[in-house]
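Open the structure in your viewer and keep the selection tool ready. The stops below are meant to be taken in order.

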Amino acid sequence: MEVFSNAQLIIMTFLMFIGGEIFTSMVGLHFKRSKIITTWKTEGKVTSVETEPKSLPPTDSVDHIRLTMVTVSDYGSPRFESQNDVLSPYHNEIVNYNSIKFLGFVVLSYLLVIQILGVASVLVYISLFSSAKDVLRNKGIKALTFAVFTIVSSFASCGFVPTNENMMVFSKNSGLLWILIPQILLGNTLFPSCLRFSIWVLGKKIKKAEAKYLLKNATEIGYIHLLPSLHSSLLVATVLGFILTGFILFCSLEWNSTGLGGLNTYQKLVGILFQTINARHTGETIIDLSTIAPAILVFFVVMMYLPPYTAFLPVKRDEQSPLECEGKKRRRKRIAENLVFSQLSYLVIFIILICITERKGIKEDSINFSVLNIVIEVISAYGNVGFTNGYSCERQLRPEANCKNKWYGFSGKWSDEGKIDGFVGQPSSWRARATSRTETHFWQRAKPDCTHRPKGRVDHKTSLSS
């Protein structure tokens, strides 16, 4: 990483920011809101915008209310002028539109506030502690560039750090690790829970109707990061449970290991916590993973394999699910897709292919090219974590004269065929992982309305600012 210039690091920071899942989901909300407006215009529900409201014509029935005009608020959202308008069936569509717009505002605020606080905290820490400042000075990295790059990378779960050694050179800087831990959690697995909490807090002060609608209709909004209340609560418990399990396991097996050598008790505790949290997230590391006990590596493999929003949910799917509304044929197709193109199927297939193409290395250099190392490399890439055991010349059974250690990428020692297998396999496994992430959102759905609406004419013609 140190070969990149300051300008190149800035460009990478921008790409990580706009490529982060939270940012792209926020852009998706904007397009969804624009699509709703386009649909209304196509259906004739939206005409022109009038600055001066006109009186609404009298109506004989609530079911046949004709809204010829509404005023537009300062934010461009529709606003009803009479109590009778609220009873219109079209009111639900208006509330849904306003709620999506409010959700986009919350996500943008969340994205900016968390990262700005993180950058400010890193800059303050570097200015106060000379050990961290000296590392950056010796490597020729600007403090501001390092702070912005590392925070954006951690929040977006990229795992890049401007130093060649990742976070190993900062293993004794526990304060810096404490700053990065919230960025890692809030930008990944705890995002849905924190998002619901943010909506609830803002709903107490502003946009009460929209916040209430979002909290009660999380599934219907269609935003995969907005989970139902119970799922969000159990997600927090699950994440903390995994972290506690990994923390205890790591402390039990690696407390006196060489990787943690030179650290005092407090630094070890913070370092182990940081390492455990990264097993499901960014993949930043303060220790050479090749020195870790196999039992911990297997635990890391499981953590990297699990989708981000995995939660232990003691809830069954409703009897009348959306699949039932689509018919038995659709259900059979869905089941077949899950069996044939499951996540595990993709991973097993490509691990086998890589083991076949790398059979020479497995035979002649069995310690470096162990099956466990290959599994870690594949699962890490699949889970977008970035952990690697690297390649150590000291572990060679037949030492080579011109051998170079590559702790930063074990796959770099694979043959061309093995690299192609790993490259081709990742888009397929990513699709399976993305599907799994979406399905965790639909763990509990309100019973769908499978009945058709009455054929009676309901004319809603409303003026709206796009």
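Predicted model: local features only at pLDDT ≥ 70, side-chain atom pairs only at ≥ 80, totals over all residues.

**Stop 1: the annotated segments**

Begin with the record. An unreviewed UniProt entry carries the annotation "transmembrane region" for residues 9-31, 102-129, 141-163, 175-202, 223-250, 292-315 and 335-354. Select residues 9-31: this stretch is 96% helix and 0% strand, and its end C-alpha atoms lie 30 Å apart. Now select residues 102-129, where the chain is again 96% helix and 0% strand. Here the end C-alpha atoms are 41 Å apart.

**Stop 2: helix H5**

Select residues 130-139, which make up helix H5. Which residues of H5 are buried? They are Ala 132, Val 135 and Leu 136. Viewed down the axis of H5, these buried residues fall within an arc of 90°, so they line one face of the helix. Turn to the face pointing away from that buried side to find the exposed residues Arg 137 and Asn 138. Step just past the end of H5 to Gly 140, which has a positive phi of about 70°.

**Stop 3**

Side chains of opposite charge can pair when their charged atoms come close. The count for this model is 3 salt bridges.

Show the side chains of Asp 134 and Arg 137, which meet in a salt bridge at 2.6 Å, N to O. Both residues belong to helix H5 and sit 3 residues apart, about one turn of the helix. Asp 134 is partly exposed, with a relative accessible area of 31%, while Arg 137 is exposed at 53%.

Next, select Lys 139 and Glu 2. Their side chains form a salt bridge, with 2.6 Å from N to O. This pair links distant parts of the chain: Lys 139 is in helix H5, Glu 2 is in the segment before helix H1 (6-19), and 137 residues separate them. Lys 139 counts as partly exposed at 23% relative accessibility. Glu 2 is also partly exposed, with a relative accessible area of 30%.

Glu 165 is partly exposed, with a relative accessible area of 25%. Through shared partners, the salt bridges join Glu 2, Lys 139 and Glu 165 into one network.

**Stop 4: the loop between H6 and H7**

Stay in this loop and select Asn 166. Asn 166 has a positive phi of about 60°, although it is not a glycine. Is Asn 166 buried or exposed? It is buried, with a relative accessible area of 12%.

Then pick Ser 157, which lies in the loop between H6 and H7. Ser 157 also has a positive phi of about 60° without being a glycine. This residue is buried, with a relative accessible area of 5%.

**Stop 5: aromatic rings**

How many aromatic pairs does a search of the whole structure find? It finds 11. For one of them, select Phe 146 and Phe 170: the pair is tilted, with 5.3 Å centre to centre and 40° between the planes. Phe 146 is in helix H6 (residues 143-155) and Phe 170 is in the loop between H6 and helix H7 (174-186), so the pair links parts of the chain 24 residues apart. Both Phe 146 and Phe 170 are buried.

Move on to Phe 250, Phe 299, Phe 300 and Phe 387, which form one aromatic cluster. From Phe 299, draw a distance to Thr 245: the two residues are 54 apart in sequence and 9.3 Å apart in space, C-alpha to C-alpha. Thr 245 is in helix H11 (residues 229-254). Thr 245 is partly exposed, with a relative accessible area of 44%.

**Stop 6: a nonpolar surface patch**

Finally, select Leu 344, Val 348, Ile 349, Ile 352, Leu 353 and Ile 356 and show the surface. Together they form a nonpolar patch with about 500 Å² of accessible area. Zoom in on Ile 356, which lies in helix H16 (residues 343-357). Ile 356 is partly exposed, with a relative accessible area of 44%.

Technical notes: Residues numbered from 1 in each chain as written. Heavy atoms only, no water. Patch = residues over 30% accessible without salt bridge, like charges linked within 9 Å, V, L, I, M, F, W, Y side chains within 5 Å. Areas by Shrake-Rupley, 256 points an atom, 1.4 Å probe, with all protein chains shown as cover. Salt bridge = Lys/Arg side-chain N within 4 Å of Asp/Glu carboxyl O. Helix = DSSP H or I, 4+ residues; strand = E, 2+ residues; numbered from the N terminus. Buried < 20%, exposed > 50% of the residue type's maximum accessible area, 1.4 Å probe, protein only. Arc of directions from axis to C-beta. Phe/Tyr/Trp six-rings, centres within 6.5 Å; stacked < 30°, edge-to-face > 60°. UniProt positions renumbered as here; feature names shortened; annotations may be inferred.
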